[in-house]
Amino acid sequence: MSGPARSSGQGIARPVPVAASTTGGDPDAEPERIAESATGLDMILTDAALGPLRRLVPPVSSSLRFTAALARRPRTVLGHTGRLVGEWGRIGLGRSEVAPNAKDKRYVDPAWSGNPVLKRAMQAHLVTAQTATRLVDDAALPWAHDERIRFSVTNIVEALAPSNNPALNPSAWKTAIDTGGRSAVSGTRRLVRDLSSAPRVPSMVEPDAFEVGEDLARTPGVVVLRTPVFELIQYQPTTPTVHAVPLVMVPPTINKYYIADLAEGRSIVEHVVGGGQQVFMMSWRNPDARHADWGLDTYGQAVLDAMTAAERIAGAEQTGLMSFCSGGIITAMVLGHLAAVGQQDRVASATFAVTVLDQARGGTVGAFLDEKSAEAATRASAKKGYLDGATLAEVFAWLRPNDLIWNYWVNNYLQGKPPAAFDILFWNADTTRMTAALHRGFLEMAVRNSLTKPGAATMLGTPVDLSAVTVDAYVVAGIADHLCPWQSCYATTQLLGGDSRFVLSTSGHIASLVNPPTNPKSTWRTGSPNVPDADEWLASAQTEKGSWWTDYTRWVAERSGEEVPAPTELGGGQPTLGAAPGTYVFDK
């Protein structure tokens with residue numbers, strides 16, 4: 001989460017909105033940027049089992065610290081209050097020069113500046129929002145308490161924006177008049193539908209906007225292995241020769257695997273296959289209460305099983321691993337296990353995409369994690385046997401209220417319009433469950449930051465020491481990622497014992513991954529990963545035009561063995577189990 005914008009200290013004539021980016025009722029304007037916010041959820045939303053209300057109300061300890069901090073600064077508080085009251089007076093008299101930021105899409109309708117009532121409502125909200133933000137800034141709270149208070153203030157302020165009020169929003173009135181009231185009826189129906197089941201937030205995409213296997217997850221391949229935990233897909237080569245070492249992709253444990261295989265031209269799988277790799281994809285089963293005991297060892301063994309199958313089919317002794325989000329945490333633990341048992345040479349290369357192994361400051365959600373909340377969350381998921389992905393989506397939406405709540409509140413309900421069709425948002429809504437045991441394992445590691453301490457975590461009965469992992473690693477992060485801050489991703493290069501290449505992509509958590517070379521705006525940065533400080537690395541990094549996909553294809557090819565003739569049939573001579581995308585991807 002980017003959090004509230006910081007005060008520039010230059011007065012309040014033109015306040016910056018509390019959220020770093022706003023879209024108002026224009027979901028078509030910047031779908032890529034909205035998608036950066038609408039990331040899929042994985043283990044770092046640690047106490048999501050407790051529901052969104054817990055996050056909206058700051059803990060008592062944080063509230064007391066905030067109050068005490070302001071009490072120690074009475075002049076500062078009085079100064080902000082006096083300026084706020086004075087500006088309210090100028091607004092009432094029509095003499096205020098307060099105006100929205102040029103990027104604030106909520107107030108683009110000319111009525112907000114032309115109608116005196118609407119203009120005053122807008123100005124009053126903007127100046128109040130900035131005052132609230134400055135009070136949080138001036139409190140100078142410790143990081144975790146600051147994030148908790150800032151999160152609550154942001155949500156309250158953005159909820160009170162006049163653009164969210166059906167009686168004040170001019171676009172809602174205009175649409176109702178133009179449609180003869182049908183927009184109000186349609187908006188009400190959408191509201192009732194969304195509130196009837198989790199996640200109880202506005203829909204970001206229509207449920208029938210895309211079809212998996214037709215529009216998305218359509219790279220040709222076959223299922224070559226099915227276990228109770230996962231299916232393994234082998235993709236059809238598109239080059240006459242392929243590299244001898246297969247590449248196994250390990251997706252997140254929440255949301256479906258096809259974030260790596262979106263639409264044609266936007267698929268990492270398609271791109272890497274086109275680079276001559278033998279690509280295999282793990283597609284996790286959507287677990288339910290029957291699978292409550294599937295923990296880190298279960299998923300770690302699944303990665304090993306996928307490697308064994310890929311090696312058999314390709315006739316290779318090694319495998320490359322490319323992992324995403326929480327799949328990267330499991331992959332790192334598997335590497336630690338292989339290092340401990342003397343089998344690390346089975347892995348030719350390892351890739352960690354938007355993965356945080358060092359949880360010391362793992363973003364806004366990390367500020368809400370403590371041992372007490374972790375225990376409560378563990379008990380909550382244990383009662384069901386799983387953590388519901390829909391509940392996680394609801395909690396996450398409140399991390400970016402303008403982008404993921406109020407933007408669609410205006411479009412879907414006040415204007416009665418369907419949300420724009422966008423593939424990443426469709427994938428984001430296609431959530432899965434997380435088993436209670438896996439949820440517990442992730443929570444326990446996050447609380448203790450176990451992967452930074454040799455032997456503090458175990459995988460399949462062996463201690464995990466990431467410094468003993470000497471496999472070459474490719475580490476990818478997004479510079480605007482608020483779930484897995486790029487600095488925390490960079491820390492992976494300091495934990496692993498081998499050579500690492502760190503790449504900083506543009507955009508946020510997911511848009512940084514779905515970054516094809518055809519995007520003319522794409523850039524990425526790279527530099528030496530040997531410096532311990534992430535900001536020092538950034539200062540010396542070089543910016544390259546294009547996508548990191550091209551760089552990655554070259555890097556992984558150098559570590560994938562010699563080129564051999566592409567296989568004429570998939571499955572290594574064994575019967576296959578159906579065409580990609582398989583069956584587990586359709587589990588609800």
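Student: By class, how many nonpolar, polar and charged residues does the lining of the second largest pocket have?

Tutor: This is a predicted model, with pLDDT of at least 70 needed for local features and 80 or more for side-chain atom pairs, while totals for chains, interfaces and linings use all residues. Numbering runs from 1 along each chain as its sequence is written, and side-chain values use heavy atoms, without hydrogens and water. The lining of the second largest pocket has 15 nonpolar, 9 polar and 7 charged residues. Nonpolar means Ala, Val, Leu, Ile, Met, Phe, Trp, Tyr, Cys and Pro, charged means Asp, Glu, Lys and Arg, and the others, Gly among them, are polar.

Student: How much space lies in the second largest pocket, and which residues are closest to its centre?

Tutor: Rolling a probe the size of a water molecule over the atoms shows where empty space is left. The second largest pocket holds about 710 Å³. It is lined by 31 residues, and Ala198, Pro199, Ala429, Asp430 and Thr431 are the closest to its centre. On a 1 Å grid over the protein atoms alone, a pocket is an open set of points with protein on both sides within 12 Å along at least five of seven lines, a cavity is a set where a 1.4 Å probe fits but cannot get out, and lining residues have an atom within 4 Å of a point. Volume is the space filled by probe spheres on points joined across faces, edges and corners.

Student: Which elements give two or more residues to that lining?

Tutor: They are α9 (182-195), α14 (389-397) and α16 (423-429), and α14 gives the largest share, 5 residues. Helices are DSSP runs of H or I with at least four residues, strands are runs of E with at least two, and both are numbered from the N terminus.

Student: How many cavities of 30 Å³ or more does the structure hold?

Tutor: There are 6 of them. The largest cavity has about 80 Å³ of space. Its lining is made of 13 residues, with Thr253, Asn255, Trp284, Arg285 and Thr432 nearest the centre. By class, 6 are nonpolar, 4 polar and 3 charged.

Student: At roughly what angle do the axes of α4 and α6 cross?

Tutor: Two packed helices are described by the angle between their axes and the distance between the axes. Helix α4 (residues 74-92) and α6 have axes that come within 10 Å and cross at roughly 175°. That makes α4 roughly antiparallel to α6 (over 145 degrees; under 35 is roughly parallel). The α4 side of the contact includes Leu84, Trp88 and Ile91, and the α6 side includes Ala124, Val127 and Leu135. Contact means heavy atoms within 4.5 Å. The classes in this contact are 7 nonpolar, 6 polar and 4 charged.

Student: Which residues of α7 meet α15?

Tutor: Thr154, Asn155, Glu158 and Ala159 of α7 meet Pro401, Asn402 and Trp406 of α15. This contact has 3 nonpolar, 3 polar and 1 charged residues.

Student: Where are the backbone exceptions, namely the positive phi and the cis peptide bond?

Tutor: Most residues other than glycine have a negative phi, and most peptide bonds are trans. Alanine 140 has a positive phi of about 50° and sits in the loop between α6 (116-139) and α7. The cis bond joins alanine 580 and proline 581, with omega about 15°. Proline 581 lies in the segment after β16 (563-565).

Terms used:
Axes are lines fitted to C-alpha atoms, for helices over the stretch in contact, and angles run from 0 to 180 degrees between N-to-C directions. Angles under 35 degrees count as roughly parallel, over 145 as roughly antiparallel, 65 to 115 as roughly perpendicular and the rest as oblique.
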